[in-house]
Amino acid sequence: ANVKTRARQDPASGDWLIKGQKVWTSLAHEADWCFVLARTEAGSVGHQGLSFLLVPMAQPGVLVRPIEQMTGTSEFNEVFFDDARTAAQNIVGRPGEGWKIAMALLGFERGVSTLGQQMQFHNELQRIIDIARGNGAARDPLLRQRLAEAWCGLRTMRYNSLRMLSGPQDGSLSREASIYKLFWSTWHARLGKLAMDVLGADAELLPGAPYALSPEQALFLFSRADMLYGGSNEIQRNIIAERALGMPREPRAGS
């Protein structure tokens, strides 16, 4: 979603015509559809005048440009819209309600979908524990302590998710959901570093032809970005302070 993207309706067909760019669009190169949070009311500012549109990807007005990552893969993409079209009925909610819809979507992202993410984290941690037992790293008291801390952090994430799921389901972003991105991204980055330390010297070696990264090496490199995408840790701390705790807003440029 990018509020610099703009959309207008074709007077003849009623279709939405979209211009702009989305950056860091996950799996856009594989997707059949995407959503666009676009400004549809001329002269509106901030969160006002935005609409939530569903857009088919297979059309001449959509250009997908993969962004190569340190892992050599391209999960993220830039997407360019040049009068891309979507039907008038492909709007979620009413025109101008886009921010409300986006926040409700974020609530689901930080809610029920986190349980699947934690299953992935569990599998990654279990692999690291198995490696530590196999290569003797588990006998190192400092590494053993870090493994225990990682396990505790994962359980903390689960209990926080259960708090989210047992709370009000009105589409609002709860305090529990507000802290989740900051917690898991920091935890996961530490897990990547722990994987390298458990591997020791083997972390510097590729296992053999075709010299692809091992799962632990890919985890380390990919998790470097966890604290940036989806809202950097600095932004997450502002959200917690301002929206969850009600503290004064950070001064904005020009204010």
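Is Phe 76 buried or exposed? Select Phe 76 to find out: at 6% relative accessible area, this residue is buried (under 20%; exposed is over 50%, partly exposed in between, with a 1.4 Å probe and protein chains only).

A quick note before moving on. This is a predicted model, where local features need pLDDT of at least 70 and side-chain atom pairs count only at pLDDT 80 or more, while totals for chains, interfaces and linings use all residues. Residues are numbered from 1 along each chain as its sequence is written, and side-chain values use heavy atoms, leaving out hydrogens and water.

Now for the rings. There are seven aromatic pairs here (Phe, Tyr or six-membered Trp rings with centres within 6.5 Å; planes under 30 degrees apart are stacked, over 60 edge-to-face, the rest tilted). Phe 76 is in the loop between strands S5 (62-66) and S6 (77-86), and Tyr 229 in the loop between helices H5 (215-223) and H6 (233-244), so the pair ties together parts 153 residues apart in sequence (helices are DSSP runs of H or I, at least four residues; strands are runs of E, at least two; both are numbered from the N terminus). Tyr 229 is partly exposed, at 23% relative accessibility.

Next, pick Phe 121 and Trp 184, another tilted pair, 5.9 Å centre to centre with 40 degrees between the planes. Both are buried.

Stay at Trp 184 and show Lys 181: its charged end sits over the Trp 184 ring, 5.4 Å from the centre (NZ of Lys or CZ of Arg within 6 Å of the ring centre and within 35 degrees of the ring normal).
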